[in-house]
Amino acid sequence: MRSLLGGKGAGVAEMRRIGVPVPDGFTVTTAACVAAMRGGGTWPDGLWGEIQAHLDALERRTGRVLGAAERPLLVSVRSGAVFSMPGMMDTILNLGISEQSAAGLAAESGDPRFAWDSYRRFVQMYGEVVEGVPGQAFEDELTALKDRRGARQDTDLTVDDLRDLTATFRRVARESTGHDLPTEPREQLRRAIDAVFASWDSPRAQVYRRLNDIPDDLGTAVNVMQMVFGNKGGTSATGVCFTRNPATGAKERYGEFLLDAQGEDVVAGIRTPRRLQELETVLPEAYARLMSAMDRLERHYGDMQDIEFTVEDGTLYLLQVRTGKRTAAAALKVARDLVAEGLIDTETALRRIDPAQLDQLLHPALDPDHTATPLTHGLNASPGAAVGRLVFDADTAAAQGVLTAHGGMTSHAAVVARGMGKPCVAGAGDLRIDADARTLTIGGTVLTDADTVTLDGTTGAVYPGALPLVPPRVTDDFSTVLGWADDVRRLGVRANADTGADAVRARELGAEGVGLCRTEHMFMATDRLPVVRRMILADTAASRQAALDQLLPVQQADFEEIFTAMTGLPVAVRLIDPPLHEFLPDLVEQSLLVQRLEAGGEPGELGQARALLARITSMAEANPMLGTRGVRLTLLHPEIGVMQTRAIVRAALAVRARGLDPRVEIMVPLVGYAEELRRMREIVVATADEELAAAGVTDLAYRVGTMIELPRAALTAGEIAEHADFFSFGTNDLTQTTIGVSRDDAEGSFLAAYLEEGIVPADPFASLDADGVGELVRTGVERGLRTRPDLETGVCGEHGGDPASITLLDRIGVDYVSCSPYRIPVARLAAARARLDDAARDDA
């Protein structure tokens, strides 16, 4: 039902079907919204007539009439996207209320305060959502009234206060829009539904969809439901609850409520609510019914549920049920527990965990040994640590964490933060935020947007300054779920690792080898760069060889660390890839240095600087990415490749001598012609065999392969495979050379606009371009295997850690992906999901 009724409508319909108490109402489908969007905002013929017919039926069922003076029907108008988008779209409550119906409501309930509280809420929500009145204008008037009355909460205002506030709100709306708000209830309903349709394309909804890969063409349903009132005094309440803890995954009730309130007070963070367990004390019968409904819904859906509820005069109603958003740690624990409880199997559990979400578990946490004193405490709404400068508006923020003065653990801020893996401290009540002045005051301390704070979302503490962080810890839940993934996946997962430390961490996270070791990174170390530069600047073969001889043992030591960490697993070492001038000073910087020395420097120093400038100038290329690099460089300067091969083989021999099992793969980059690889392979094999013979070793196997990172290489893969033991597709460069764009330039210029305008579906450097680059990978794999059936194929670009790319690569049939160490768990789970998706397609 979700695709047609949206998540909210489907949930309400299902609860009604199984006998859970929900308010009466009807749903305007997503199809209606899509049709209106395609019509430029014009509704399809007959839609309004259908809505009115359903409203007539609702009035007959309830015995009430929308906006009537006696026994009035009031309704909520709520969005409901196919995929949950908490707080991103709009809602209007109490629609149908007016001076007449407020009086009728007061007479019927015997509570004028409740009636006028509902009326002022409607004017504020309708004015903001439908008429576009700035919400702050209403908030300023409410705050001013509370200040005049000495009221801390809205509930401290009297009926006269609320009557005056309603009049003030209507004046604010009239001054903002130039006209009175409409009073005819059916016209209010039509315009409210139209506004909810339009909120699908609000800026915040668009941003949320981009962040969560939700398509733009789904539209939203609109749910028109009879109002049930949590603001009818001490026997009424509203709240949000989860069947398990969404922060930790613990099997415990988690939620909040407010007495004498409406739902937006909780989810929008207007007031700081009370813990769910306290509801048992104040409304025990409603609490018992809620606990029963929570149990029933979790069993029915077989997953943790997020529920909105209202208690009206002691009677419980459920307004919404959906799969609860949770942190990555909670997702793993819930999955493991549900399997243990027999509610789901391991394959279902794997399907429910978003691989990208695992990244949350691999970020640093606050050092538990710190001695800092908190500035304040709030609610620990989303775990983890965040360090950053304070930001007071959403447009500026690239948020590392969220801090709120109001609201609770089920507010939209907390729910969205948990879903995005961002730490959140909510409801820190002693904060005073001045958004205009961009200041935050805690007691006598005033902080501005120049100040840095540390949030501990696990404890709710807020600290001044930047506190130290510590590496993440792998939990039993993490290991168990990834073990299930390993049992399912076909695709191997290796690491991109350039140091021993990287290799150690990668193996801890489940890497099955090193798919890419970039040797040039080893040259950039402070103690090695001068030697590399001597090698580049050498004017004789002897002096160049002397520098290479000096580099060999330090490269060997690096390889020994990696082979040791990966004993028993393959390590693919890529020979030097970038052009040599990248190891020299920048041309502009060196020119400026020469100018400064010419103006007053030592003659000897000036001579050296000029010589270096001349060498840099002679080596400069207009487009070095497509210049003398990779195999081209080593064929021109084979002594470099010889030195690196010696270092690799000697390292393997040294590690083997210690009783370990090095698995050596030597990878030649940027091959475009089979002849390039044939010649380079001869150099590598001759050098390696010479080293093995000198050591008297005959049984240390090694393999020689190549990176496929040029379109020509993919298209001529059959010829290249004659000289390769393996292919590793370098999809970063393959994307650049296929699409004809520079990643560094594109991501800082036109690519953002292309994404915004929908010219490209995704960043091709983040997620593999399936129709272009993906087809080249497929072609390269197929043609390579036709020549050499035992050819091993992998992908070592950053796409190797992207779930969408992994799904594509699994279908293509590559043998493994290689990614940065902290993406390995993501890749392991994504590879399992890819297999399960393929199986589901085959079954269908």
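**Aromatic rings at a glance**

At 34% relative accessibility, Y754 counts as partly exposed, a label for values between buried (under 20% relative accessible area) and exposed (over 50%), taken with a 1.4 Å probe and protein chains only. The model you see is predicted, so local features need pLDDT of at least 70 and side-chain atom pairs count only at pLDDT 80 or more, while totals for chains, interfaces and linings use all residues. Residues are numbered from 1 along each chain as its sequence is written, and side-chain values use heavy atoms, leaving out hydrogens and water.

**Ring pairs**

- The structure holds 9 aromatic pairs, meaning Phe, Tyr or Trp rings (for Trp, the six-membered one) with centres within 6.5 Å; planes under 30 degrees apart are stacked, over 60 edge-to-face and the rest tilted.
- F138 and F169 form an edge-to-face pair, because their planes stand at 70° with the ring centres 5.0 Å apart.
- This pair joins distant parts of the chain, with F138 in helix 6 (residues 135-149) and F169 in helix 7 (residues 159-177), 31 residues apart; helices are DSSP runs of H or I, at least four residues, numbered from the N terminus.
- F138 is buried at 0% relative accessible area, and F169 is buried at 0%.
- F750 and Y754 are also edge-to-face, with centres 5.1 Å apart and planes at 70°.
- F750 and Y754 lie 4 residues apart in helix 30 (residues 750-757), about one helical turn.
- F750 is partly exposed, at 33%.

**Cluster and charges**

- W43, W48 and F197 make up one aromatic cluster.
- The charged end of R494 sits over the ring of Y816, 3.8 Å from its centre; this requires NZ of Lys or CZ of Arg within 6 Å of the ring centre and within 35 degrees of the ring normal.

Terms used. Helices (H or I, at least four residues) and strands (E, at least two) are DSSP runs, numbered from the N terminus.
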